[in-house]
Amino acid sequence: MPSDINRQPAPRCLIIVPAYNERTAVGKLIRRIHKHLPDYDVLLIDDGSTDDTAKQASAHTKVVSLPFNLGIGGAMQTGYRYADFHGYDIAIQVDGDGQHRPGEVARLVEKLSTTDCDLVIGSRFMSDIKYRQSFARMTGIHILSTLIRWLRGPHTADCTSGFRAANRRVIRAFAHWYPDDYPEPEVVLLLHKAGYKIGEVPVRMRQRRSGNTSIPLTRGLFYVIKVAVCLVLDTVRDPWPQGKVGDHANALSQSDPDPVRWQPPAADRPPTQTIQT
Amino acid sequence: MGILARTVHIEYGTLSLLFVAGFLMLMVLELLSIVSQQDRKITTLAQMVGILMEKQEFANQTKETKE
């Protein structure tokens, strides 16, 4: 009977779902994730919800309930810290409002696995199918993307998209430090500056049907100004200094049962050999 | 202070006010820095509480299954 030796083990993937008062959407989303991606672990981060968001998770879902609301940055960092402690190879962020389609996760993971990208962003604006967005929001996203390019950042079509997949290097970096408020555009610039590679794939997204957006339209202008100032300050910031990232990994990670690590592809590593006997 | 005021041709009172304003500004920045650090610590603590509670719950479930 043929058996494969030296074959790479499948990557351990964790889907992080941050949610705050999303009881109407999150249960359905988690059911869809389990249906589309049965091999992936799902982690629901209940960011201090005042409703029963945490109870919407199914029995197979891991739930971290934060004692109070930390905001999207704090909630996401909780997920990355969890992924780091438990030795996951890939962490995928899927928003709890149901806008991100679980069926599109495979595209992000494929891009992450087949290229040397460290972070892959699912972009609404690269897809053939147009995503309906208000003029104000489109303008804000365009301003931030342009500013990122001016600050010698990467060219991204959708720098505010929260639909992302990160490999182990980025998981460790985010576990070490992650912005508090409106983190998406900031990490694009900071990761690029720190030498991480960022890729983008076109994805389809749903329009939000329930819950409240983390950035209401009335605060949109304030959001753009605040993020723009943060981006300028980020040019002199080094949140992931060499040699420090990952040092904080504590005893929890030592209990990881699987010592074999899936390695993301690297240009300088020889291709994996498969020996058949 | 008097010598400095004469050297830069600024009234003694004005210079004193500038020094006090500068000192207060530094105090505000220092306090903001302390608040930011404490905020980071509280965030990390809350995250660890959440993660450890999940771990404890998982351990309890495993124990119950074994029993």
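Predicted model: local features only at pLDDT ≥ 70, side-chain atom pairs only at ≥ 80, totals over all residues.
In chain A, 7 strands form an open sheet with mixed pairing, and their order is β4-β3-β2-β5-β7-β6-β8. The edges are held by β4 (62–65) and β8 (198–202) of chain A; each has a single partner strand, so one side of each is left without a neighbour in the sheet. On average, neighbouring strands of this sheet are turned by 20 degrees against each other, direction ignored. Strands of a sheet pair through backbone hydrogen bonds, in either a parallel or an antiparallel manner. An example of the parallel kind is provided by strand β2 (residues 13–19) and strand β3 (residues 41–46) of chain A, which are joined by 6 bridges. Within this part of the sheet, A:A19 stands opposite A:D46 in β3(A).

Attention now turns to the interface between the chains. On the one side, 21 residues of chain A take part, and these are in contact with 14 residues of chain B. The size of an interface is often expressed as the accessible area lost when the parts come together. For chain A and chain B, the area buried between them is about 1,400 Å², with 61% of it on carbon and sulfur atoms.

Which polar interactions cross this interface? The rule finds 6 residue pairs in polar contact across the interface of chain A and chain B, both residues being at pLDDT 80 or more. At least two residues of the side of chain A that touches chain B are supplied by each of β4 and α2 (71–85) of chain A. The largest share of that side, 6 residues, comes from α2(A). By residue class, the side of chain A that touches chain B comprises 12 nonpolar, 6 polar and 3 charged residues.

The salt bridges complete the description. Side chains of opposite charge can pair when their charged atoms come close. Over all chains, the structure holds 12 salt bridges, and the count between chain A and chain B is 1. This contact between the chains is formed by the side chains of B:R40 and A:D180, at 3.7 Å from N to O. Within chain A, the side chains of A:E104 and A:R204 meet in a salt bridge at 3.2 Å, N to O. A:E104 lies in the loop between β5 (90–93) and α3 (105–114) of chain A, while A:R204 lies in the loop between β8 and α7 (220–234) of chain A; the pair therefore ties together parts that are 100 residues apart in sequence.

How values were computed. Residues numbered from 1 in each chain as written. Chains lettered and ligands numbered in written order. Heavy atoms only, no water. Pairing = 2+ DSSP bridges. Helix = DSSP H or I, 4+ residues; strand = E, 2+ residues; numbered from the N terminus. Axes fitted to C-alpha atoms, helices over the stretch in contact; angles between N-to-C directions. Contact = heavy atoms within 4.5 Å. Buried area = accessible area lost by both parts, 1.4 Å probe. Salt bridge = Lys/Arg side-chain N within 4 Å of Asp/Glu carboxyl O. Polar contact = N/O pair within 3.5 Å; in protein donor to acceptor, adjacent residues only side chain to side chain. Nonpolar A, V, L, I, M, F, W, Y, C, P; charged D, E, K, R; others polar.
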